[in-house]
Structures are given as structure tokens and as C-alpha cells.
Amino acid sequence: MTNSNDKLDFLSVGKVANTHGVRGELKIFPFTDFPEVRFAQGKELLLISPEDGKALKVKVISAREQKTVYIVKLEGYDNINEVEKYKGWEVKVPKEEAVAAEDNAYYFHEIIGCSVLSEEGEELGTITDILTPGANDVWVVKRKGGKELLIPFIESVVKEVNVAEKKVRIEVMEGLLD
């Protein structure tokens, strides 16, 4: 683990939404596809203050799913007064603990910032956001001096993703660049 609090060294896995009950439990809204891994008993997490970026290392004693949140009990915190100050704090893990993505699946942090090239090698822009409207993700590409491109993450359009080189090669569909 690195000593720096550089955002690039950590993955955001949730946010403290609120406290739960009076015994020091927290409601954490997960930002991860693997909350059962992230909030498992014995896991270490970092709570990051939104005000000053201060980091606090904590250990999970127990966690359970409740609707859209996880109720998490942390080691050493036994009442509501001890955890109330953590409302709104980000929950992170070291990037080295990333769960391997399946084939043709990528983490947002791997895709955002990639250059988008046409099959002919023309640079079209940089991916700035990922929308998840339904059947497939849509990558938002900021063009130099042009409007944003919306690229569906489907096999017929996205031909190659090279995370190491931060490059994505696409087939430009008719009407895409209009």
C-alpha cells in the first residue's frame, strides 16, 4: 500500500450514507459490483473525508445487505456517537485489491481517460464519462472543439480496448460524427 492519498491509488467502493441504530453501525451505499467481497468480515477499508481528504483505516466486523445499502459494523466502534462524524465519507480500497474483470468487461477507471481512435487511426477524442442506460454502457467522448460523441459499448462498434496504452479503437458508424 502506498503512503500517498493520491486518488489514483485507490478505488472508490462506496459512500457512508448514514448511521444505523445506536450500536455504531453505518449504512454504506456501494459503488461496487462486488459488495459482498468489499464488506466481508475482516476486510480493511479506508474512510476518506470529503472536506480535507483525511484517511482512516478501518476493519469490517460484520456486514449485511439491506435494500440498496450495506449495514456495516467496524472494529472499535460501538455506538452511534463514535461513527456519526463519518456520514458522507467515501469508502475506498487500494487499487491492488481490484477484483479481476471478466473478459470484455472493464472498470470505469480503466476506460475513462482513454483516447478513442477510428479504425484508420484518426484520433476522435477522450472518454470522459460512462453512461449505463440499460442493455449496454455508452461511452461519452469529448472531442477537440466538437460536440460530444456517444459510443455504445457493443462489439460491432468497439473493436479494440487497450487499457495499458489507454487507447480504444472503434468502427465509425454512419452518422456518428455528424
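Analyst: The protein chain has an accessible surface of about 10,600 Å², computed by the Shrake-Rupley method with a 1.4 Å probe, where for residues only the protein chains shown count as cover. Keep in mind that this is a predicted model: local features need pLDDT of at least 70, side-chain atom pairs count only at pLDDT 80 or more, and totals for chains, interfaces and linings use all residues. Residues are numbered from 1 along each chain as its sequence is written, and side-chain values use heavy atoms, with hydrogens and water left out. As for the share of the surface that belongs to carbon and sulfur atoms, it is 48%.

User: How many helices and strands does the protein chain have?

Analyst: Helices (H or I, at least four residues) and strands (E, at least two) are DSSP runs, numbered from the N terminus. The C-alpha trace spans about 60 × 35 × 30 Å along its principal axes. Within it, the count comes to three helices and twelve strands.

User: What percentage of the 178 residues count as buried?

Analyst: Buried means under 20% relative accessible area, exposed over 50%, and partly exposed in between, with a 1.4 Å probe and protein chains only. On that scale, the buried share of the 178 residues is 35%.

User: How far apart are the end C-alpha atoms of residues 13-96?

Analyst: UniProt lists this span as "domain: RimM N-terminal" in an unreviewed entry; its positions are given in the numbering used here, feature names are shortened, and annotations may be inferred rather than shown by experiment. In the model, residues 13-96 are 10% helix and 50% strand. The distance between their end C-alpha atoms is 13 Å.

User: And what is that distance for residues 109-176?

Analyst: The unreviewed UniProt entry gives these residues as "domain: Ribosome maturation factor RimM PRC barrel". The span is 4% helix and 46% strand. Its end C-alpha atoms are separated by 25 Å.

User: How are the rings of phenylalanine 39 and tyrosine 70 arranged?

Analyst: Rings of Phe, Tyr and Trp (its six-membered ring) pair if their centres lie within 6.5 Å; planes under 30 degrees apart count as stacked, over 60 as edge-to-face and the rest as tilted. The whole structure holds five aromatic pairs. Phenylalanine 39 and tyrosine 70 are one of them, with 5.5 Å from centre to centre and 45° between the planes, and the arrangement is tilted.

User: Which side chain makes a polar contact with the side chain of lysine 73?

Analyst: A polar contact is a pair of N or O atoms within 3.5 Å; within protein, one must be able to donate a hydrogen and the other to accept it, and residues adjacent in sequence count only if both atoms are side-chain atoms. Lysine 73 lies in strand S5 and is buried, at 14% relative accessibility. A polar atom of its side chain is 2.7 Å from the backbone oxygen of arginine 23. The side-chain partner, at 3.2 Å, is aspartate 78.

User: What value is phi of lysine 67 near?

Analyst: Most residues other than glycine have a negative phi. Lysine 67, in the loop between S4 and S5, is exposed with a relative accessible area of 78%. Its phi is positive, near 55°.
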